[in-house]
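Biologist: I am new to this structure and would like to learn how to read it. Could you walk me through a few features, one by one?

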Amino acid sequence: WGLLLLAAALGTTAAARCPTPCVCDNLRAHVLCVNGSLTAIPDTIPELTKKLDLRGNSFTVIPARAFLATPYLTHLDLQHCKVERLEEGAFRGLGRLVYLNLASNGIALLYQESLDGLSSLQQLILEGNRIEEIQPGAFGHLGSLTVLDLRANALVYLPDMVFQGLQVLRWLRLSHNALHVLGNEAFAALPALRRLSLDHNELQTLPGEALARLDGATWLDLGHNPITYVAEEALAMASLRHLFLDHASLQDVAQDAFARSPQLRMLDLRENQLQGMPPLAGAGGLVRVSLDGNPLLCSCLLRPFHRWLARARVQAEGACAAPPALRGRSLNSLKSPEMRCSRLRPPPSPAAPPEQPRAGSSRQCPRGCVCSPDFHHGSCENRDLREIPRDFPEDTRLLDLRRNHFRTVPPDAFLGLKELVSLHLQRCSIRALHPGALRGLESLVYLYLTNNHLSTLAAAAFEGAPQLAYLDLDHNAFTHVPAGTFRLLPNLISLHLQHNAIGELAEGDLAGARGLRWLYLAGNAIRHIAPAALAPTKMLEKLELEGNHLSEVPTAALQGLPALSELKLSRNPIKHMGDGVFLPVASSLQHLYLDNMGLEWISPRAFTGLGPKIRSLYLESNKMSNIPDMSNFTGLEILNLQDVPFHCDCQLLPLHRWINKLNLRIGATCGSPAEAQGLKVKLSTTFQTCPGWGHGEAGENNPNKTKAASKPSKKKRSGKPPARGFSKSRA
């Protein structure tokens, strides 16, 4: 009876309050507001709604208590909503929520209270954001979480106890980040974890001490990391059964590398640089070792390993690369007498991995500040300080000095803080960083200087901070990119220069930034980008130029960017788009933003070269009446054509037919002729008078028909893993 009363109440409430342009399913308590033009969370969503789908809108910020009016929500989908910030307490009141999807947004930082109030949450998906840093305590209120997906973000560092509070978490997905620093206690608060995905990162050594905290983990993926050596007893994981170290840079594995992981059953070492292998002592439970794709030297030096395989009854996959007489022979087919050593020299031993620094401190906390020895944090936020305090503990790793009045950062301001990884100097009225300001910060990865008054920077300011990977200079007073600044930053990955007053991107501005992957230049006044301006950044993956003054696509500047997968040109006054404007990046581009530009005309050949790799295309809020043929865009997951005044005559018939085949909500409406104005292009009857109407709708000889378009989620793509499911090797 209670359920019947609930359904009846929902039906009455939903019918009266379903917000525009949403669709309300009263019976199932679902509300869909997909691919719309919403810029704020609707406040008229029925109170008893359980599942709310807001994909494809434009919220930018999720404010505090945004969902207080819908306390019965169990599922909330906010994918592709251009969210950049979660205010503290954004989800308070959602104590029943079990599923939250925030994938494919622009979230850069998770604060301690960002996810407060989600006590029942079981799945949290944050894949495909630009999260650079997680503050310890961010997940402290998620005591029911079982799956946390942080794939394809911009993480470089995991501090100690960063996952504290996740007592029942079973799967942690950290693939496709840029991790190369893990605190020894990073995973210490995860007693229930069974599966850890760390593949496709920048780990140079196996993080044995951090992993030793995972007593119950059975599955560990470390593939696609530049690890060169697995040392003695490097991995002490009592329950581990499946270990992936494929596609790394392994040159050697110690004999007892896995002796402290006695439950290990499957070891994947495919596609490394191993010329040989020792017998693996202590790995008595091992069933299978995969060595395919290694340059194995099947000489007498491999005999001990070969004998061990037979004695331990371990199945081995792999083939000889040398000597020539044995090239291509599988390991299982070899006989010991065939493995000879005449005129063969053993491969050189790799260098031992670098020693890890030891934590320790003899300093106290500066007066008026707070230091946390458990998290290795120091904070003097909003203390009205005029000078940067000194004498923080030497093992401090995160230092928060926001909202003070320093004006300048003098030389040697942070001496002694060799382990500092993250430095926050936002809103400190800083006008200058003096040469040597960061001297001694040899472990610094993150530097936040947003909302200051900087107008220039000298390269010497970064002397002594060679590991710096993330530099945030948003909301300052730069009128040009400080040329030459990045020559001392060989590891710079992400550069934020949004909301300054930069008028041009000139040749030489980015000299030295050879490892840059993400460049954020939104909200400036850029009118021109020199053809060679981006030439040093050959690894660039994201280029965000929205909200500038460009009048044309900077095609020449896109030359030589073979990895560019995301290009944002939204809110630039580009009125016309000519032939082949995206050809230089056609082979890599996956996400293209061309919305809110006042675009009046697109050449039929503007998208030449683009095709199945394109996953999302934003063209909403423009003025053109037609668009080029996109029938080969078979990988589309998002296509937004809202607020475009299409002229629904026979020339638009191919588009009409194509979008009828898509399993996507695209929002295309007719602007003319008068009888079709306001109608969905998909539903307009004006096409019924066109030649070949009946023939095309019968499905014969339709050049735009494509099976792949109706099921884009099943197509395998490169660059980033699919949102759900696994590849065969990791299933």
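Modeller: Gladly! Let us begin with a term: a residue counts as buried when its relative accessible area is under 20%, and as exposed when it is over 50%, with partly exposed in between. In this model, which is predicted, Cys-22 and Cys-33 are both buried.

Biologist: What do Cys-22 and Cys-33 form?

Modeller: They form a disulfide, and their sulfur atoms are 1.9 Å apart. The torsion about the S-S bond is about 110°, so this disulfide is right-handed. Cys-22 is in the loop between α1 (2-17) and β1 (23-25), while Cys-33 is in the loop between β2 (30-32) and β3 (51-53), so the pair ties together parts 11 residues apart in sequence.

Biologist: How many disulfides does the count come to?

Modeller: The count is 8 disulfides. Among them is the one joining Cys-18 to Cys-24, with an S to S distance of 2.0 Å. This link is right-handed, with 95° about the S-S bond.

Biologist: Is the link of Cys-300 and Cys-341 right-handed or left-handed?

Modeller: That one is left-handed, with -90° about the S-S bond. The pair links distant parts of the chain, 41 residues apart: Cys-300 is in the loop between β22 (296-297) and α3 (303-312), and Cys-341 is in the loop between β24 (320-322) and β25 (370-372). Cys-300 has a relative accessible area of 22%, so it is partly exposed. Cys-341, at 27%, is partly exposed too.

Biologist: Now for the rings. How many aromatic pairs are there?

Modeller: The count comes to 11 aromatic pairs. One of them is Tyr-470 with Trp-518, a stacked pair with 6.2 Å centre to centre and 25° between the planes. Tyr-470 is in strand β32 (residues 470-472) and Trp-518 in strand β35 (residues 518-520), so the pair links distant parts of the chain, 48 residues apart. Both residues are buried.

Biologist: How are the rings of Phe-607 and Phe-633 arranged?

Modeller: Planes under 30 degrees apart count as stacked and those over 60 as edge-to-face, with the rest tilted. The planes of Phe-607 and Phe-633 are at 40°, so this pair is tilted, with ring centres 6.0 Å apart. Phe-607 is buried at 5% relative accessibility, and Phe-633 is buried at 2%.

Biologist: Which residue lies over the face of Tyr-520?

Modeller: Arg-130 does, at 4.4 Å from the ring centre. Likewise, Arg-195 lies over the face of Trp-219, at 4.2 Å from the ring centre.

Definitions and conventions. Residues numbered from 1 in each chain as written. Predicted model: local features only at pLDDT ≥ 70, side-chain atom pairs only at ≥ 80, totals over all residues. Heavy atoms only, no water. Phe/Tyr/Trp six-rings, centres within 6.5 Å; stacked < 30°, edge-to-face > 60°. Helix = DSSP H or I, 4+ residues; strand = E, 2+ residues; numbered from the N terminus. Buried < 20%, exposed > 50% of the residue type's maximum accessible area, 1.4 Å probe, protein only. Lys NZ or Arg CZ within 6 Å of the ring centre and 35° of its normal. Disulfide = S-S within 2.5 Å.
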